[in-house]
Amino acid sequence: MGTERQTRTSGCTWISFYLTLLLLLGKRALAEIRYSIPEEVKEASVVGNVAKDLGLDITSLIDRRFRVVSESKDAFFEVNQDNGALYVHKKIDREDLCQGSGACLIELKVIVENPLEIHYVVVEITDVNDHFPNFPEKEQTFEIAEHTLPGKRFQLHTANDPDSGVNSIRTYTLTSNDHFEVDIRQSDDDKIPFLVLKKSLDREQKNKHSLIVTAVDGGKPQRSDTLNVSITVLDSNDNRPMFSKEIYQIAIKENIPVGSSIFKMNATDPDEGSNGEIEYSLAKTLRRNIYDLFELDRLSGEIRVKGIVDYEENDVYKLDVEASDKGTPPLTGECRVNIKIIDVNDNPPQIEVTSLSNTVSEDSKPGTVISLITVRDKDSGVNGKIITTINDGVPFELKPSYKENTYSVVTKEFLDREEESRYEITIKATDCGEPPLSTLKTLNIQISDVNDNRPHFENDPLEFYLVENNIAGASIFSVSATDKDLNDNAAISYHIVREGSQNDIMSFLNINSDDGHISALKSFDFETLKTFQFQVVATDSGTPSLSSNVTVNVFILDQNDNAPVILYPVSSNGSAEGVEEIPRNVNAGHLVTKVRAYDADIGYNGWLLFSLQQVTDHSLFGLDRYTGQIRTLRSFTETDEAEHKLVILVKDNGNVSLSATATVIVKLVEPKEAFAASDVKSSANVDDEDNVTFYLMITLGSVSVLFLISIIVLIAMQCSKSTDYTSKYLQETNYDGTLCHSIQYRSGDKRYMLVGPRMSIGSTIVPGSHANTLVLPDRRRASGEVSL
């Protein structure tokens with residue numbers, strides 16, 4: 001136990017020395033000024049202009065909350081925020097405030113904020129001679145034997161004067177007489193008067209003497225008090241009790257149990273009988289609190305503790321003890337017992353938060369001061385040395401001030417509200433006593449938000465599919481971004497970037513700036529526009545505002561909104577009707593004619609199927625469902641009619657099919673007539689055939705060019721091997737004579753194709769998609785090539 005106590009004491013001593021050295025060598029961050037005023041000055045008396053002496057701007061005192069904080073419980077001083085003057089707020093009595101003759105100092109803290117500063121002001125209260133000396137008793141009686149030798153000393157009552165310095169008691173005087181004089185013994189801060197016999201007494205001449213002792217202070221004007229001393233002259237008892245020492249020094253620990261014996265007086269008297277019997281008593285001139293704390297057994301001389309002794313109230317007590325015999329007259333001896341109180345660690349440290357900023361901005365730089373704290377301990381010595389720490393895991397630290405036991409709580413790293421929005425800072429103050437005592441203080445710090453996070457889109461780019469023929473003005477889809485900040489810093493507004501080559505399309509788009517809902521002001525047509533791209537910018541409402549953008553890819557999905565169009569046969573009046581003449585001697589399988597049709601839709605919606613709705617003889621003609629070719633099923637006989645009417649229905653494969661009809665009149669002629677008629681027909685319809693051929697060439701040529709371009713684009717895609725989403729549209733030609741469309745595009749690892757009449761072998765329909773959407777196996781993973 002002793003080793004541990006020595007180790008702890010040594011560690012605390014080194015820590016105290018280190019902190020003291022650090023404070024002495026560190027820069028003086030704060031100012032300290034000193035004033036002096038006499039006690040009892042009137043209220044509102046000006047002590048000095050603190051703001052001017054500290055160099056503060058007087059016009060900013062109110063905004064910076066210029067104020068004073070006193071270390072004492074009573075607010076004796078205040079400051080005027082208008083002119084910066086320090087004035088007396090409450091009448092000051094130095095004797096009540098500071099007992100003793102030492103300097104009476106009041107320490108004040110002057111605090112201003114924005115930025116936070118603390119300055120120290122020390123006001124010294126000087127003494128004025130406002131108290132008279134005072135004897136505790138106005139009468140004192142002595143019984144002195146006539147044979148008492150000159151030089152005998154008799155202690156007089158000591159006068160009390162609360163004033164200090166020159167204003168305290170300066171001397172004692174005695175009325176003029178032949179037998180006695182006053183002698184003063186200086187003891188510590190006290191002047192103890194003694195009545196000294198300078199000439200032997202003669203009871204037969206005078207058995208009683210009356211004297212006046214005057215206590216005079218050193219003030220201007222002087223103040224005094226008197227003590228009436230009565231002396232009765234007695235016979236015999238020529239030995240007085242004697243103590244071995246005039247002053248005894250003892251030490252006890254504070255909080256010693258009540259009733260404990262701390263010292264035993266022992267005086268001796270060589271006389272015999274009653275003249276040698278001694279009784280002890282405490283002098284009547286002691287401070288009153290001493291009688292409450294200590295008692296003296298009159299017979300045994302044992303001093304015991306009567307009340308609770310507290311080092312923090314007083315660290316030394318002075319007891320004047322008298323020993324009197326029972327002779328006639330009784331003789332008295334006196335001594336002083338100085339009781340020193342030893343401090344024990346019975347007071348935990350105290351933590352005072354002088355100033356605190358409860359809210360700290362997350363962009364505060366390391367070293368920003370958020371609080372000022374002061375720690376103190378009523379104990380002394382090692383018991384009063386304090387070690388102050390802050391809890392781990394918080395981005396704050398303690399910085400010592402030049403003044404001992406004063407600290408600043410500062411940030412030690414950058415803060416991020418999005419990671420931690422509030423902190424609990426626990427400050428622990430531990431003294432170096434044995435056992436050590438601790439105190440905890442918790443500071444709750446809220447981190448305020450700054451706009452340091454941009455709006456964030458979860459995906460970039462965004463992909464949306466929009467069915468053509470949408471309702472103009474209706475919402476088609478929405479975008480949404482998030483922001484980790486708070487309040488206005490997280491309030492997001494949206495707008496569309498209306499720049500670039502597709503600005504004409506952007507003019508038909510509108511976005512709700514509050515919720516990101518995008519509406520189209522027109523209806524889109526898949527056959528005109530298949531995909532487009534634009535950018536949306538999300539901007540927060542912070543200062544300054546931050547923004548981010550996202551690319552939006554929109555794909556138009558086809559609807560079956562176009563009916564098939566008959567390209568052949570077309571009559572001169574524009575109707576889908578034609579006449580074909582064939583010889584009677586043709587064999588089965590002879591190509592009579594081919595119905596040609598076109599559908600502007602894509603994929604299944606543009607996949608055309610042909611069927612006979614009406615025919616004169618089902619055994620004579622057959623229609624290919626996919627190509628529209630009309631062929632003979634058998635040879636003609638003499639009994640077959642010479643003219644046959646065929647009504648062909650052409651319909652697409654949309655969910656709701658659209659259709660058109662064509663009428664073909666087949667006439668059977670003799671071979672020579674058929675040849676002649678063919679020449680005539682060829683000559684008569686050459687212009688019509690030329691027109692049809694011209695249109696077909698233009699259509700097939702356009703489709704072929706688009707097909708070649710698509711092949712080149714697909715080859716380039718395979719070379720780059722990009723896995724990003726792309727959309728490439730290819731137009732293909734059906735060489736069976738029926739016009740159709742197909743579109744291929746890629747989404748991630750899948751390839752999609754919107755096909756016409758002939759599907760690729762091995763293709764499968766994607767469940768849940770439109771009926772004209774196929775998914776193609778991606779052969780790139782197996783062979784590294786694309787097969788179309």
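**Figure 1. Lys403 in the loop between strand 28 and strand 29.** In this predicted model, Lys403 sits in the loop that runs between strand 28 (396-400) and strand 29 (406-411). Its relative accessibility is 22%, so Lys403 counts as partly exposed; the cut-off for buried is under 20%. Thr374 is 29 residues from Lys403 in sequence, and the C-alpha atoms of the two residues are 9.6 Å apart in space.

**Figure 2. Asn383 and Lys385 in the loop between strand 26 and strand 27.** Asn383 belongs to the loop between strand 26 (369-376) and strand 27 (386-390). Lys385 lies in the loop between strand 26 and strand 27 as well. Is Asn383 buried or exposed? Asn383 counts as buried because its relative accessibility is 13%. For Lys385 the value is 28%, and therefore Lys385 counts as partly exposed. The side chain of Asn383 makes a polar contact of 3.3 Å with the side chain of Asp343. When neighbours within four places in sequence are left aside, the residues in contact with Asn383 are Asp343, Val344, Asn345, Asp377, Asp431, Gly433 and Glu434. Lys385 can be viewed together with Ala429: the two are 44 residues apart in sequence, with 9.9 Å from C-alpha to C-alpha.

**Figure 3. Asn451 and its contacts.** The loop between strand 31 (438-448) and strand 32 (456-457) holds Asn451. Asn451 has a relative accessibility of 13%, which means that it counts as buried. Which side chain forms a polar contact of 3.0 Å with the side chain of Asn451? The partner is the side chain of Asp540. A polar atom of the Asn451 side chain also lies 2.9 Å from the backbone oxygen of Pro544. Apart from neighbours within four places in sequence, Asn451 is in contact with several residues, among them Asp485, Asn489, Gly542, Thr543, Ser545 and Leu546. Asp540 and Pro544 are also in that list of contacts.

Figure 4. The peptide bond from Asn114 to Pro115 is cis, and its omega is near 0 degrees. Pro115 is part of the loop between strand 6 (105-112) and strand 7 (117-126). Asp460 and Pro461 are also joined by a cis peptide bond, here with omega at about 5 degrees. The place of Pro461 is the loop between strand 32 and strand 33 (462-467).

Figure 5. Glu40 is not a glycine, yet its phi is positive, at about 65 degrees. Glu40 is found in the loop between strand 1 (32-38) and strand 2 (46-49). Glu40 counts as partly exposed because its relative accessibility is 28%. Asn469, again not a glycine, has a positive phi of about 65 degrees. The loop that contains Asn469 lies between strand 33 and strand 34 (475-478). With a relative accessible area of 36%, Asn469 is partly exposed.

**Figure 6. The second largest pocket and its lining.** The second largest pocket holds about 820 Å³ of space. Its lining is made up of 32 residues. Which residues of the lining lie nearest the centre of the second largest pocket? They are Thr141, Phe142, Phe154, Pro330 and Thr332. At least two residues of the lining come from each of strand 8 (139-145), strand 9 (153-155), strand 19 (278-282), strand 22 (316-325) and strand 23 (332-342). Strand 8 supplies the largest share, six residues. By type, the lining of the second largest pocket has ten nonpolar residues, twelve polar and ten charged.

**Figure 7. The whole chain, for placing the close-up views.** The protein chain has 788 residues, and 42% of them count as buried. Eight helices and 53 strands are found in the protein chain. Of the contacts between residues at least 6 apart in sequence, 66% join residues at least 24 apart.

How values were computed. Residues numbered from 1 in each chain as written. Predicted model: local features only at pLDDT ≥ 70, side-chain atom pairs only at ≥ 80, totals over all residues. Heavy atoms only, no water. 1 Å grid on protein atoms, 1.4 Å probe; cavity = no way out; pocket = protein on both sides within 12 Å on 5 of 7 lines; lining within 4 Å. Points joined across faces, edges and corners; volume = space filled by probe spheres on them. Helix = DSSP H or I, 4+ residues; strand = E, 2+ residues; numbered from the N terminus. Nonpolar A, V, L, I, M, F, W, Y, C, P; charged D, E, K, R; others polar. Buried < 20%, exposed > 50% of the residue type's maximum accessible area, 1.4 Å probe, protein only. Contact = heavy atoms within 4.5 Å. Polar contact = N/O pair within 3.5 Å; in protein donor to acceptor, adjacent residues only side chain to side chain.
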